[in-house]
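Please look through the structure shown below, together with its sequence.

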Amino acid sequence: MGLQPLLAAVLSRWVRQPVWWLPVHLAFLPAVFLASALNLPSWIYLLGFSLLLSVFWGCAKGDVPLFLSSVAVGDELAGVIEREGAVSLIDLGAGVGSVVIPVAKQFPNLKITAVERAPIPYLILSWRCRQLNNITVRREDFWSCCLEGYDIVFAFLSPSVMQRLDEKCQNEINAKTGLLVSSSFPLPNRAVASVVGVGQSALKLYCYRFGRSSSFYS
Ligand SMILES: C[S@@+](CC[C@H](N)C(=O)[O-])C[C@H]1O[C@@H](n2cnc3c(N)ncnc32)[C@H](O)[C@@H]1O
């Protein structure tokens, strides 16, 4: 039993997993033995699995998991909204509303659409937005939402979907008025229109306009 966690930790470093995986590998098997020694009823495991599934809904199929933006991201996005004079915004994968709720409170005239499809985040989001008349919460796959007509498209996703997002934005965002604001992850093949720093952190908001001339390769 002592060997397996060590072996997993060494292999993890060998395949260059991020360093935070180390404690996970080291603690996993001891945790399994500890849990089985507790003789918990099996429904507890089913409950735990169901809760995780309801939060990280589409991850097994490649959806981006839930990570929450900080307050500073909402603050910087507010600056972009002001500069753009935006009247509408969509958050692709709104999570529990960490960005849309502060922004909706700051801009009561901004029409916000918050799209989220994982059940528990969606329920929390809907509950938190219940008194905010300028937010519409939709339980949908954002890949099927049309982005035409939004002044700002906000996304905090993952590097693995950025190329697909670029193609979607190129086809749907209005070239004159629309702006994609991508938190943390740049589009791989497109010239950025502006980059906004977020507080003291290394985090950035990458802003893109669309239209033929703005792509590196098209
Ligand atoms: C990294 S979190 C960002 C949450 C929020 N925008 C924020 O900044 O705090 C990504 C969210 O997108 C949701 N998501 C991922 N793929 C989705 C899809 N295809 N349709 C709708 N929501 C999706 C996830 O459930 C997750 O809540």
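Is Cys 129 buried or exposed?

## Cysteines

Cys 129 is buried, with a relative accessible area of 4%, where buried means under 20% relative accessible area and exposed over 50%, with a 1.4 Å probe and protein chains only. The closest cysteine sulfur to that of Cys 129 belongs to Cys 145 and is 15 Å away, which is too far for a bond. Cys 207 is in no disulfide either, since the nearest cysteine sulfur, that of Cys 169, is 12 Å away, and Cys 207 is buried with a relative accessible area of 2%.

A search of the whole structure finds zero disulfides, a disulfide being a pair of cysteine sulfur atoms within 2.5 Å.

## Around the ligand

There are 22 residues around the ligand, and those that come nearest are Ser 69, Gly 93, Glu 116, Asp 141 and Phe 142; a residue counts as near if one of its heavy atoms lies within 4 Å.

A polar side-chain atom of Glu 116 lies 2.7 Å from an oxygen atom of the ligand, while a polar side-chain atom of Asp 91 lies 3.3 Å from a ligand nitrogen atom. The protein covers 98% of the 600 Å² of accessible area that the ligand has on its own, with areas computed by the Shrake-Rupley method with a 1.4 Å probe.

## About the model

This is a predicted model, in which local features need pLDDT of at least 70 and side-chain atom pairs count only at pLDDT 80 or more, whereas totals for chains, interfaces and linings use all residues. Residues are numbered from 1 along each chain as its sequence is written, and side-chain values use heavy atoms, leaving out hydrogens and water.

Terms used
Polar contact = N/O pair within 3.5 Å; in protein donor to acceptor, adjacent residues only side chain to side chain.
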